[in-house]
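Hi everyone, thanks for coming. Please have a look at the picture with me, and we will walk through it piece by piece.

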Amino acid sequence: MKIVLQRVQRASVSVDGQVIGKIDKGFLLLTGISHTDDEKIADKMMDKICRLRIFEDDQGKTNLSLSDVGGQMLVISQFTLYADCRKGNRPGFTNAGSPERAKQLYEYMVKGFKERLPVVEQGSFGAKMEVELINDGPFTLVLDSQELGFA
């Protein structure tokens, strides 16, 4: 699993010109799911993300978690995070999970985040989406379950 996490002042996602999800201060997650991912890996990624301390405390140190600051979350599916650009000019996506399995794990994660946080919004799996954000910092992290030792 690969997740691009952006700390945002606000973010929204639209489909066909209609806003379907929007948040204020919090995390925007672009979430890519591979064919080897499962619920165990998803649980570890969710725990890691919810515990990340990347908001500033009173001394200006990144020492507070999303929950500590009452932050919100917007979760977007992003299979293109598994693009393989090593050969040619057209990316390959054979490492991305099948749409059926990826949707199942994506929904599992949205449900899991909703159990941990008061405000969790989401995109529409498989839809052509427009994502807008005001990045806070900017502060962007790339989390890879294999690099974290979860896979």
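This is a predicted model: local features need pLDDT of at least 70, side-chain atom pairs count only at pLDDT 80 or more; totals for chains, interfaces and linings use all residues.

Next, the inside of the protein. In soluble globular proteins, nonpolar side chains tend to be buried together. Here the largest nonpolar core has 27 residues, and the members that touch the most others are Phe27, Leu29, Ile49, Met73 and Phe113. Where do the core residues come from? At least two are supplied by each of these elements: strand E1 (2-15), strand E3, helix H1 (39-51), strand E6 (72-77) and helix H2 (99-116). Apart from this core there is another one, of 11 residues, including Val8, Val13, Val15 and Leu28.

Let's pick methionine 73 and see what surrounds it. Leaving aside neighbours within four places in sequence, methionine 73 is in contact with Ile23, Phe27, Leu29, Ile49 and Leu66, and also with Phe113, Leu117, Val119, Val120 and Glu121.

Now find threonine 31, which sits in strand E3, covering residues 26-32. Is threonine 31 buried or exposed? Its relative accessibility is 3%, so threonine 31 counts as buried. If we skip residues up to four places away in sequence, threonine 31 touches Lys2 and Ile3, then Val75, Ile76, Ser77, Gln78, Phe79 and Leu81, and finally Met109.

Rolling a probe the size of a water molecule over the atoms shows where empty space is left. In the largest pocket, that space is about 390 Å³. Its lining has 23 residues, and those nearest the centre are Ser77, Gln78, Phe79, Gly126 and Met129. Which element gives the largest share of this lining? E3 does, with four residues. E3, E6, H2 and strand E8 (130-144) each supply at least two residues of the lining. By class, the lining of the largest pocket has 14 nonpolar residues, nine polar ones and no charged ones.

The second largest pocket has a volume of about 170 Å³. It is lined by 15 residues, with Lys2, Ser34, Tyr82, Asn95 and Gln146 nearest its centre. This lining has four nonpolar, six polar and five charged residues.

Glutamine 146 lies in the segment after E8, and with a relative accessible area of 59% it is exposed. From glutamine 146 to arginine 10 is 136 residues in sequence, and 29 Å in space from C-alpha to C-alpha.

Now for some backbone details. Most residues other than glycine have a negative phi, and most peptide bonds are trans. With that in mind, look at aspartate 16, in the loop between E1 and strand E2 (18-23). Its phi is near 55°, a positive value in a residue other than glycine. Aspartate 16 counts as exposed, because its relative accessibility is 75%. Then look at glycine 137 and proline 138, which are joined by a cis peptide bond with omega of about -5°. Proline 138 belongs to strand E8.

Isoleucine 134 is also in strand E8, and at 34% relative accessibility it counts as partly exposed. What does isoleucine 134 touch, not counting residues up to four places away in sequence? The answer is Arg7, Val8, Gln9 and Arg10.

My last stop is proline 91, in the loop between E6 and H2. Proline 91 is partly exposed, with a relative accessible area of 33%. Leaving out residues up to four places away in sequence, proline 91 touches Ala83, Asp84 and Cys85.

Note on methods:
Residues are numbered from 1 along each chain as its sequence is written. Side-chain values use heavy atoms; hydrogens and water are left out. Buried means under 20% relative accessible area, exposed over 50%, partly exposed in between (1.4 Å probe, protein chains only). Contact means heavy atoms within 4.5 Å. A nonpolar core is a set of buried Ala, Val, Leu, Ile, Met, Phe, Trp, Tyr and Cys residues joined through side-chain atoms within 4.5 Å. On a 1 Å grid over the protein atoms alone, a cavity is a set of points where a 1.4 Å probe fits but cannot get out, and a pocket is an open set with protein on both sides within 12 Å along at least five of seven lines; lining residues have an atom within 4 Å of a point. Grid points are joined across faces, edges and corners, and a volume is the space filled by probe spheres set on the points. Ala, Val, Leu, Ile, Met, Phe, Trp, Tyr, Cys and Pro count as nonpolar, Asp, Glu, Lys and Arg as charged, and the others, Gly among them, as polar.
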